[in-house]
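Work through these exercises with the structure open beside you. Try each task before you read its solution.

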Amino acid sequence: MMDLIIFYSPKKECMTYYINNDQAGYKIEYPFAYIKNIYLENGDIDGGTQGGLVVELNRPPMFFMDCSGSGGFVDVGDFTEEHQARSEEHTSELQSPRLS
């Protein structure tokens, strides 16, 4: 099972996604300055599509992996499937079933 926790920090001026997958911990982070656009996309339960929050970035986010033995998170390369976060679009979609 995979857990996702998202932090919005006005003090640090950044967004952080914490991902826990079994015993591994990962983090994706980007400063507010990287955000080009944010919008909500409506889903359609009857049509089988999910809605969600879409975040468009003007540059790729930063990636980290939890190396507990070395004192915390260290910089790593793009760990997303097919390195999609490093694509030219730099779009993050957080999807959820539409709530009525």
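**Exercise 1. Describe the fold pattern along the sequence, and say how far the model can be trusted.**

Step 1. Read along the sequence, the protein follows the pattern β-β-β-β-β-β-β-β. It has zero helices and eight strands. Helices (H or I, at least four residues) and strands (E, at least two) are DSSP runs, numbered from the N terminus.

Step 2. Note the ground rules. This is a predicted model, in which local features need pLDDT of at least 70 and side-chain atom pairs count only at pLDDT 80 or more, while totals for chains, interfaces and linings use all residues. Residues are numbered from 1 along each chain as its sequence is written, and side-chain values use heavy atoms, with hydrogens and water left out.

Step 3. Check the confidence. pLDDT is the predictor's confidence in each residue, from 0 to 100. The protein averages 76, and 67% of the residues score at least 70. Confidence is highest in strand β4 (residues 35-41), at a mean of 88, and lowest in strand β8 (residues 91-96), at 58. Where pLDDT is low, the predicted coordinates should not be read in detail.

Step 4. Look at the whole chain. Of the 100 residues, 28% are buried. Buried means under 20% relative accessible area, exposed over 50%, and partly exposed in between (1.4 Å probe, protein chains only). Among contacts (heavy atoms within 4.5 Å) with a separation of 6 or more, 40% join residues 24 or more positions apart.

**Exercise 2. Which aromatic rings pair up, and how are they arranged?**

Step 1. Rings of Phe, Tyr and Trp (its six-membered ring) pair if their centres lie within 6.5 Å; planes under 30 degrees apart count as stacked, over 60 as edge-to-face and the rest as tilted.

Step 2. The structure holds four aromatic pairs. One of them joins Y17 and Y30: the ring centres are 5.8 Å apart and the planes at 75 degrees, so the pair is edge-to-face. Y17 lies in strand β2 and Y30 in strand β3, so the pair ties together parts 13 residues apart in sequence. Both Y17 and Y30 are buried.

Step 3. Turn to Y18 and F73. Their ring centres are 6.0 Å apart with planes at 50 degrees, so this pair is tilted. Y18 is in strand β2 and F73 in strand β7 (residues 72-76), 55 residues apart. Y18 is partly exposed, at 26% relative accessibility. F73 is also partly exposed, at 34%. F7, Y18 and F73 form one aromatic cluster.

Step 4. Look for a charge over a ring (NZ of Lys or CZ of Arg within 6 Å of the ring centre and within 35 degrees of the ring normal). K27 lies over the face of F73, at 4.8 Å from the ring centre. K27 also lies over the face of F64, at 4.8 Å from that ring centre.

**Exercise 3. Is E29 buried or exposed, and what does E29 touch?**

Step 1. E29 belongs to strand β3. Its relative accessible area is 11%, so E29 is buried.

Step 2. The E29 side chain makes a polar contact with the side chain of T16 (2.8 Å). A polar contact is a pair of N or O atoms within 3.5 Å; within protein, one must be able to donate a hydrogen and the other to accept it, and residues adjacent in sequence count only if both atoms are side-chain atoms.

Step 3. Not counting residues up to four places away in sequence, E29 touches K12, C14, M15, T16, P61, M62 and F64. F63 and E29 are 34 residues apart in sequence and 6.6 Å apart, C-alpha to C-alpha.
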